[in-house]
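Welcome, and please take a moment to look over the sequence and the structure shown here. We will then walk through a few places in it together.

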Amino acid sequence: MYQQGNVNGSPKHGHYGAYDDHHDDHYATPGRHSQTHGYVGRDSQHEPLGVVAYDERTFAASGLKREEVEVGVPLYEGSNHTAAQRFIRTGYRDVWALVLFALVVMLSCGLAARNARDLHNGTLHISHNARNDLHAMREWLPLGFGLALLVAGFVFAAMRAFTEQFIIIANVLVIVINAAFAAWAFARGYVVMGVIWGLIAALNAVWLYFVRRRIPFAAVLLRTSVTLITRHYGTLVTSFACLLAGAVYLAVWVFMGAPVFTQISDAHDNGTSVPGWVAPAVLGMLIALLWASQVCANVAHVTTSGVVATWYFFGEAAMPPGPSAASAKRALTTSFGSICFGSAVVALLKTIYYFLRRAIDAIDQPIVECILGCILGVIERLTELFNIYAFTQVAIYGHDFVTAAKQTFALVKESGWSLIINDCLVWRSLAITNLVCSLGLCVVFWIAFNPIVGLLTLAVALSVFTIFFRPVYAGIATQFVCIAENPTAMEVANPEWAATTNALKPQDVGNQETGGDQRPVQRV
């Protein structure tokens, strides 16, 4: 909800006014004095208007005479800092997605409860092999989960202490892995495949050489992100809670799909075909699992982004109490519908990509398969990148998902190449660490127990590292968005960090003050 109005008062003194839309030439009657020492107007139905602070010089230079003032209440109601006026709650967004997600979860729980009852009563048949696999999961997966947590903590410490080296080593490791695949292909006589892998390794090496001067900027963002999420450990608590929620839903999902798994296992053992209802059931289960996992991960992302954005605009010395709790509250209430909406988009896209990859794998021409696989991988990564920055906009500004997507388009148009390069540097570092550590745990459990336990440990480890590295990635994305859209705010809130960042940031990042709304305004 928006109220059209002009802006009056000096941001330096923290006094703001708002015109009523029906009285363009008169000040609105000042409402209650806000916690941030700013006056809020009232609309025609006497509802208090949320306050947004504008830089008068930039605003006057724009030639505009009217602006939108958003209705809402401050997220940090007890704070007297002017930056508190940026963080307001403006009602629930994308409610339909929230309701639909709730229905899917309730349906999953209902089916799982019915199947669990039938299993307990002995009316649900589960094959002997399936029972053995379930027993192995129950016995050994907690150990894999604990080791994954331990490794994640060690990696956090390494990233904070040796940030630039961490980025360089991770990106060099990508080149080494591609070169190793090329050598293996040549050794096996797959000349064309070897040439392709070798070309990929060479292109990665050339790319790393040309972007080497951007590594210090990426390192500053990575180090700051790791520092903030460990200092404000509520982000880690939220991530852990999201991980547990995902694990609980996974257990529900397994019980929900028990009849489907049994049909597939019996058909495989007996050499028969599965019933016709199995295929749509598998599709629906896949979408539901991907949707739930994305919601859990994105709640952690939005929570961390809110904390990092709070730090960016407030500064460490003026941080309001409980930023993690406040950000988590908004992520799980007013922004939860937007998270469900965006997560549904990601889940559908991932499902489509999965079936496209299956179709590509069925092609009996390695060269075509490799090329199509690379193209699909690039498209998939770009869509993931877009959604990640859209969720960051949701966290910083409280937008609905469609509005956040539009703001992300604007950001890409202005700082797209720097965004992609910076993301490639840090995302590769986190992704290759996730892959190497998860594969290491998989090999250990594969050798120690059996292949099924090893593969399940791989899935658990990937989930653990993804959930725990996602806050780091969210913090990096949030810093980039804030620097690109509100570059002067950091000079006030964090002057020392701003001096370092300004000396290292690319020239196309933060050249125009947009305030996140494509308007020439300063909101702090």
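Let us begin with helix α7, whose 23 residues should span 33 Å at 1.5 Å a residue; the C-alpha atoms at its ends are 32 Å apart, so the two values agree. Please keep in mind that you are looking at a predicted model. Along α7, the buried residues are Gly 234, Thr 235, Leu 236, Thr 238, Ser 239, Cys 242, Leu 243, Tyr 249, Val 252, Trp 253 and Met 256.

What does α7 come up against? The axis of α7 (residues 234–256) comes within 9 Å of the axis of α9 (residues 278–314), and the two cross at roughly 175°. An angle over 145 degrees counts as roughly antiparallel, and therefore α7 is roughly antiparallel to α9. On the α7 side, the contact is made by Thr 235, Thr 238, Ser 239, Cys 242, Ala 245, Gly 246, Tyr 249, Leu 250, Trp 253 and Met 256. From α9 come Met 285, Ala 288, Leu 289, Ala 292, Cys 296, Val 299, Ala 300, Thr 303, Thr 304 and Val 307. Sorted by class, this contact between α7 and α9 has 14 nonpolar residues, six polar ones and no charged ones.

In general, a disulfide is a covalent bond that joins the sulfur atoms of two cysteines. With sulfur atoms required to be within 2.5 Å, the count of disulfides comes to zero. Cys 242 is in no disulfide, and the nearest cysteine sulfur, which belongs to Cys 296, is 5.8 Å away. Burial is a separate matter, for which the cut-off is under 20% relative accessible area. Cys 242 counts as buried because its relative accessibility is 8%, and Cys 442 counts as buried at 7%.

Next, please find helix α12. With 32 residues, α12 reaches 46 Å from its first C-alpha to its last, close to the 46 Å expected at 1.5 Å a residue. Asn 387 has its place in this helix, which covers residues 366–397. Is Asn 387 buried or exposed? Its relative accessibility is 6%, so Asn 387 counts as buried. Apart from neighbours within four places in sequence, Asn 387 is in contact with Gly 342, Val 345, Val 346, Leu 349 and Phe 401. Just after α12 comes Gly 398, which takes a positive phi of about 70°.

Another positive phi, of about 50°, belongs to Asp 94, although Asp 94 is not a glycine. You will find Asp 94 in the loop between β6 (88–89) and α2 (95–121). With a relative accessible area of 14%, Asp 94 is buried.

Ala 484 counts as buried, at 4% relative accessibility. Ala 484 and Leu 411 are 73 residues apart in sequence, yet 7.7 Å separates them in space, C-alpha to C-alpha.

Finally, step back to see the protein chain as a whole. Its secondary structure comes to 16 helices and six strands. Of its 524 residues, 49% are buried. Among contacts with a separation of 6 or more, 71% are between residues 24 or more positions apart.

Note on methods:
Residues are numbered from 1 along each chain as its sequence is written. This is a predicted model: local features need pLDDT of at least 70, side-chain atom pairs count only at pLDDT 80 or more; totals for chains, interfaces and linings use all residues. Side-chain values use heavy atoms; hydrogens and water are left out. Axes are lines fitted to C-alpha atoms, for helices over the stretch in contact, and angles run from 0 to 180 degrees between N-to-C directions. Helices (H or I, at least four residues) and strands (E, at least two) are DSSP runs, numbered from the N terminus. Angles under 35 degrees count as roughly parallel, over 145 as roughly antiparallel, 65 to 115 as roughly perpendicular and the rest as oblique. Contact means heavy atoms within 4.5 Å. Ala, Val, Leu, Ile, Met, Phe, Trp, Tyr, Cys and Pro count as nonpolar, Asp, Glu, Lys and Arg as charged, and the others, Gly among them, as polar. Buried means under 20% relative accessible area, exposed over 50%, partly exposed in between (1.4 Å probe, protein chains only). The expected span of a helix is 1.5 Å times one less than its number of residues.
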